[in-house]
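Here is a short report on one protein structure. Keep the 3D view open and find each part as you read.

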Amino acid sequence: MLSPTPLCLFCALLLCLPLAVIITITSPTTTVHDGSGHNLVPDLDPPPKTQQRFSSKPLPLPLHDDDSLFRVASRVNSKLPPGSPKKIAFLFLTISPLPFAPLWELYFNQTPKDLFNVYVHADPSYPYDPPFSGVFAHRVIPSKPALRFTPTLASAARRLLAHALLHDRSNYMFVLLSASCIPIHSFAFTYKTLTRSKKSFIEILNNEVGSYDRWAARGKDSMLPEVTLEDFRIGSQFWSLTRKHAKLVVGDEVIWAKFNQPCVVWDTCYPEENYFPTLIHMRDPRGAVPATLTHVDWNGSFDGHPRMYVESEIGPQLISRLRKDEPRYGDDGTNGSDSPATKKRRGFPFLFSRKFSPESIQPLLRIANVVVFKD
């Protein structure tokens, strides 16, 4: 039997090439789904023109793979769907049950369901019995342990942002809350305040006491060259971010790599209070109002925790006092905290407050409709 000549083999290859090209171009793309069959990546931003013409959506995503999760979430379309109302994404970060769930139920029941979404990051090492119910049922995202003095609290917040971005393109503002947070205004008041803003609300403080110790908590010069001491900022762990800034956070790798390092001095290690304000300051300071809208009282703080309001303190006078307090305004990226631009932006009210003891739920429920939700 004769062996095929090189010329015959070359001709056969030329005949098969068009078929291979057709199969490659017409192959279906892969989408990412959640457990219910819904597409978690409904609209990705178009790839840069420098990429191949026939690019596909990402491969199936392991929900516990943070790197893949963040990469996909950072590419979600930034534009609101036509005709869809803006939504607020409420991101609850907890390592325990939610003692104020009944109060939040009343809060959310005041409004149409198409104006908000709820997401919960619940430390899986805690036995949640009974499980989350009501508005919190089936809202727990794939979660990991979150511990103080480590980057895991900031990781949990980034994870919440990523899932909220992927879940609903109508999410316009992303609000981070803890288990000890309560609303101090009605949903309608909060919705109007947040959706009318084109800027994030995040505390960005410069030259705070202890800044150097926090900056050097991972080792001397470990933050360099990406994050200098001059760029390092401090702020509240709790913020309200626009969709633009939510994508900025989940898409960031350079600055996060610095804050994601383990600390060698644990008692000055607060990545959740440093990473977000530092990133916004370095990337888009003028896109934020440099203040948090979550009230906290640091007078009488203990072991790094703010004052906790107890059952006997709950009443109309407390809610009124919390509302009348003014946020502390920090660095807006112009000429300091007293610049005309910052003064013009002042006057925003606190919308939430912490920290409340679990026992205070009953007196809060008694005054909810006549005080807390009455603006």
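How many of the eight residues of strand β1 are buried? Eight of the eight are. The strand covers residues 87-94. Because of this burial, β1 is largely enclosed by the rest of the structure. Keep in mind that this is a predicted model. Buried here means under 20% relative accessible area.

## The partners of β1

Which strands pair with β1 in the parallel sense? One is β3, residues 171-178, joined to β1 by seven bridges. Another is β2, residues 116-122, also paired over seven bridges.

In β3, Leu 176 stands opposite Leu 91. In β2, Tyr 119 stands opposite Leu 91. To get from β1 to β2, the chain passes through helix α3, residues 101-108. This β-α-β crossover is right-handed.

## Strand β3

Move on to β3. Eight of the eight residues of β3 are buried, so this strand is also largely enclosed by the rest of the structure.

What is the sense of the pairing between β3 and β6, parallel or antiparallel? These two strands run antiparallel, and three bridges join them. Strand β6 covers residues 240-242. Within this pairing, Phe 174 has Leu 241 of β6 as its bridge partner.

## The largest pocket

Next, turn to the empty space. Rolling a probe the size of a water molecule over the atoms shows where such space is left. The largest pocket holds about 1,100 Å³ of space. Its lining has 45 residues. Gln 237, Phe 238, Trp 298, Pro 306 and Arg 354 lie nearest the centre of the pocket.

Strand β1 comes back here. It supplies at least two residues of the lining of the largest pocket. Helix α9 (271-283) and strand β8 (294-295) each supply at least two residues as well. What classes of residue make up the lining? There are 22 nonpolar, twelve polar and eleven charged residues.

Methods:
Residues are numbered from 1 along each chain as its sequence is written. This is a predicted model: local features need pLDDT of at least 70, side-chain atom pairs count only at pLDDT 80 or more; totals for chains, interfaces and linings use all residues. Side-chain values use heavy atoms; hydrogens and water are left out. Buried means under 20% relative accessible area, exposed over 50%, partly exposed in between (1.4 Å probe, protein chains only). Helices (H or I, at least four residues) and strands (E, at least two) are DSSP runs, numbered from the N terminus. Two strands pair if DSSP finds at least two bridges between them. A crossover is right-handed if, with the strands pointing away from the viewer, the path from the first strand over the helix to the second runs clockwise. On a 1 Å grid over the protein atoms alone, a cavity is a set of points where a 1.4 Å probe fits but cannot get out, and a pocket is an open set with protein on both sides within 12 Å along at least five of seven lines; lining residues have an atom within 4 Å of a point. Grid points are joined across faces, edges and corners, and a volume is the space filled by probe spheres set on the points. Ala, Val, Leu, Ile, Met, Phe, Trp, Tyr, Cys and Pro count as nonpolar, Asp, Glu, Lys and Arg as charged, and the others, Gly among them, as polar.
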